[in-house]
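Keep the structure open and follow the points in order.

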Amino acid sequence: MQRNTAQKRRVLDILTQMANHPSAEAVYAAVHGAYPSISKATVYRILKDESVCGNLLAVDIPRDVNRYDHRTDPHWHIRCRRCGKVADVEIGAGSINVGTIPDGWSVERMGISFEGLCRECAGLTDGE
Ligand SMILES: [Zn+2]
Ligand SMILES: [Zn+2]
């Protein structure tokens, strides 16, 4: 039990440090770099379990691998179609009106994702 808690803490800490919506594979690579004794299966299981518990967010982006987010407050995502980078989209204050829910249905989860070009891919920054 103790060991599981420590492993969970490490995975969550690394996810928080990465802060870039990494894939499970990328989280594992970072965790493994810092703690070589943690197996891939353990990291994947922790990511899955913790997203079910609400301690992290499994980000569902169309046509992309599953990614994970240390932010669990409501927000949306935008993905760069060229380099695949994912950034947070803040939800504006006030009510959100994106459609009319059919009678009798209750909404438990809503996902909106945007796609476009990031600053770098749009050529808005110097360099390359
Ligand atoms: Zn890009
Ligand atoms: Zn996010």
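**Notes on the model**

1. Start with one facing pair. Ile78 stands opposite Ala87, a residue of strand 4. Keep in mind that the model is predicted.

2. Now look at a second pair. Trp76 stands opposite Val89, again in strand 4. Strand 3 covers residues 76-80, and strand 4 covers residues 86-89. The two run antiparallel, and four bridges join them.

3. What do strand 3 and strand 4 form? They form a hairpin, with five residues between the strands. Find Gly84 in the turn: its phi is positive, at about 85°.

4. Turn to helix 3. This helix has 14 residues. From its first C-alpha to its last it reaches 20 Å. That is close to the 20 Å expected at 1.5 Å a residue.

5. Which residues of helix 3 are buried? They are Val43, Ile46, Leu47 and Glu50. Why are they on the same side of helix 3? Because they cover an arc of only 100° around the axis. Check the other side of helix 3 as well: Ala41 and Val52 are exposed there.

6. See what comes after the helix. Gly54 follows helix 3, and its phi is positive, near 90°.

7. Next, the core. The largest nonpolar core has 13 residues. Val11, Leu15, Val27, Val31, Val43, Leu47 and Tyr68 have the most contacts inside it. Where do its residues come from? Helix 1 (2-18), helix 2 (24-34), helix 3 (40-53) and strand 1 (57-59) each supply at least two.

8. Finish with Tyr68. Which residues does Tyr68 touch, not counting residues up to four places away in sequence? Its contacts include Leu15, Val27 and Leu47, and also Pro22, Ala24 and Ser51. Leu56, Leu57, Ala58 and Val59 are touched by Tyr68 too. Leu15, Val27 and Leu47 are also listed with Tyr68 among the residues with the most contacts inside the core.

Definitions and conventions
Residues are numbered from 1 along each chain as its sequence is written. Chains are lettered from A and ligands numbered from 1 in the order in which they are written. This is a predicted model: local features need pLDDT of at least 70, side-chain atom pairs count only at pLDDT 80 or more; totals for chains, interfaces and linings use all residues. A nonpolar core is a set of buried Ala, Val, Leu, Ile, Met, Phe, Trp, Tyr and Cys residues joined through C-beta atoms within 7 Å. A residue is buried if 20 or more other C-beta atoms lie within 10 Å of its own, exposed if 12 or fewer, and partly exposed in between; C-beta atoms are placed from the backbone. Two residues are in contact if their C-beta atoms, placed from the backbone, lie within 7 Å. The expected span of a helix is 1.5 Å times one less than its number of residues. The arc is that of the directions from the helix axis to the C-beta atoms. Two strands pair if DSSP finds at least two bridges between them.
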